[in-house]
Amino acid sequence: MPDGEKTRQWKQEEEQQQKEEEREGLIEFYGSYQELFQFFCSNTTIHGAIRLVCSKKNKMKTAFWSVLFFLTFGLMYWQFGILYREYFSYPVNLNLNLNSDRLTFPAVTLCTLNPYRYSAIRKKLDELDQITHQTLLDLYDYNMSLARSDWSTLSTRKRSSRSLLHHVQRHPLRRQKRDNLVNLPENSPSVDKNDWKIGFVLCSENNKDCFHQAYSSGVDAVREWYSFHYINILAQMPDAKALDESDFENFIYACRFNEATCDKANYTHFHHPLYGNCYTFNDNSSSLWTSSLPGINNGLSLVVRTEQNDFIPLLSTVTGARVMVHDQNEPAFMDDGGFNVRPGIETSISMRKEMTVRLGGSYSDCTEDGSDVPVQNLYSSRYTEQVCIRSCFQLNMVERCGCAYYFYPLPAEAEYCDYTKHVAWGYCYYKLLAEFKADVLGCFHKCRKPCKMTEYQLSAGYSRWPSAVSEDWVFYMLSQQNKYNITSKRNGVAKVNIFFEEWNYKTNGESPAFTVVTLLSQLGNQWSLWFGSSVLSVMELAELILDFIAITFILALRWFRSRQQLPPPGPPPNSHNNTAFQDEVPGLSAPHRFTVEAVVTMLPSYNSLEPRGPSRDAEVGHE
């Protein structure tokens, strides 16, 4: 076969072998970083990348487009950072919805506004009144009028009052000069012409630390001092049921809802230390009232007694009644949401329902049911922020002072504070109260808002009731039906109307302002703005990064293998151990010839280099 044909045949076999290798390959790697970058810039769909290689002969253009390309990348990822920061801030949109439907009437709590002189504690209250009378006489030279029966029995109670007098003397009501006390604001009103400041002294159990609980108003100081001792008297009652003296008929003269008369099944009774007997209407979850129509004739209408017969004048200085509107299964905190009803006035209260629904989780710090709040719920009601705050204070009170405050529910295995058992509880309470108001206890931080809450926006109107021309027959009917025999007629009765202004109620909801879909849309907009490309362009960029990592790994692996395959360094040239300089036996030269023959025998695998028969024989014969 001629040499030219053998050469062509060899080239065809080599091309065929190369095609088979190209056809069988699944993954293609580039031989260098330059080749990889050249292929990417020439074939990517990202705008501007081709400019990095098409003008490589013009170094100025290449440098300009390189700076512009990477500057654009930097600006785009700066915008990406802004978008991610906004997304992880979890913003919300406020949605306002107006609904119209028949509404469930809320619970309404009505209190007498004055604590009742209960028979179980009447004796000790009379003793406290006598001590207060003497205190006011000493401080202000004021002779407080007491009932004649109190003066007649005072001598028989001296022995029994010694225990109470001892505790009262431990917390005396005193006057001091303002200069001797803590600095007060400049606008503090003076107590009297001598510029005295009044308060009472509270000391620790060992009397080493005392402070003066002072007030700028003498009225406030006397009420707080009297209330402090009044709470101790209440706490000494072993059974709270002894104070459960409901007098519904003598307080509620008339009750009507939705043109129907109320009965005892429509209310529940409880005692408040400062507001006396309280009655909650429509608190029974099994049969709740529903307003058939809005308006004053389709709500709750009450005629209440507001006289102050047999009450405690030193504890309450107002007259009338106190009303609060709240949701079912929520306690009535009369101090927070209640308002007073004036005697001789008809008070008409219109309501508008408003619901608030917050997003939980990462969007807000609200709680669904309070189970994730680190404060035990001491109330037998659902979670509210005020329930949590009061429970938090009560738990701290038990932990710090060893007893519970009488105004709040009693924790398990605890007892109410009473200075016959806990001598310095007043000192501990007022210290703790100051820390509570300054949020040192952390109650305002621990107690979070509920995610769902219902509120009632109230607006009130007032008018004289009964009118001058109708008061005679109205009071006559009350006297016949309810044994109403008050001398000062107008100051002894009041009327309250509570109703829905309309059926429409507002719902304030929240929705995510920046969702995952919005984030992807904004990222796509930024990518298209700066590079005019799509998601596939992002995949091309990801492919470039993966190829770069693969080439780096392959080149590192080749370098590592080449380091391992290097021959070990030979011995020194003058060494006696070098066998190349030793005499060899003639018979041992055959392996060297075998090596050469082995090299020669490798060449016949290429047909074009294979020698002809006679030449090979001659070559062997020459050897």
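In the predicted model, Tyr430 touches Phe200, Leu202, Phe211, Gln213, Tyr215, Glu224 and Phe228, residues up to four places away in sequence not being counted; contact here means heavy atoms within 4.5 Å. Residues are numbered from 1 along each chain as its sequence is written, and side-chain values use heavy atoms, with hydrogens and water left out. As this is a predicted model, local features need pLDDT of at least 70 and side-chain atom pairs count only at pLDDT 80 or more, whereas totals for chains, interfaces and linings use all residues.

Tyr430 is also among the residues with the most contacts inside the largest nonpolar core, together with Tyr226, Tyr230, Phe393, Met397, Trp425 and Tyr429; this core has 58 residues. A nonpolar core is a set of buried Ala, Val, Leu, Ile, Met, Phe, Trp, Tyr and Cys residues joined through side-chain atoms within 4.5 Å, where buried means under 20% relative accessible area, exposed over 50%, and partly exposed in between (1.4 Å probe, protein chains only). At least two residues of this core are supplied by each of helix H5 (122-140), helix H7 (162-170), strand S4 (196-203), strand S5 (210-215), helix H8 (218-235), helix H11 (385-401) and H12. The helices (H or I, at least four residues) and strands (E, at least two) are DSSP runs numbered from the N terminus. Helix H8 gives the most to the core, with ten residues. A second, separate core comprises 30 residues, including Val341, Ile349, Met351 and Ile498.

Strand S13 (residues 345-357) is mostly covered, ten of its 13 residues being buried. Pairing of strands requires that DSSP find at least two bridges between them. With strand S14 (residues 452-464), S13 pairs in the antiparallel sense over 13 bridges, and Ala460 in S14 is the bridge partner of Ile349. The pairing of S13 with strand S15 (residues 493-500) is parallel and extends over six bridges; Phe499 of S15 is the bridge partner of Ser350. Strand S16 (residues 504-512) likewise pairs with S13 in the parallel sense, over four bridges, and Gly509 in S16 is the bridge partner of Val357. In a regular strand the side chains alternate between the two faces of the sheet.

Backbone geometry was examined in the loops. The peptide bond from Trp465 to Pro466 is cis, with omega near -15°, and Pro466 is found in the loop between S14 and helix H14 (471-482). Asn329, a residue other than glycine, has a positive phi near 60°; Asn329 is placed in the loop between strand S11 (321-326) and helix H10 (334-337) and counts as partly exposed at 41% relative accessibility. Asp439, also not a glycine, has a positive phi of about 60°. Asp439 is found in the loop between helix H12 (425-437) and helix H13 (443-446), and its relative accessibility of 32% makes it partly exposed.

Helix H16 (residues 535-564) contributes the largest share of the patch, five residues. Ile545 lies in H16 and is partly exposed, with a relative accessible area of 47%.
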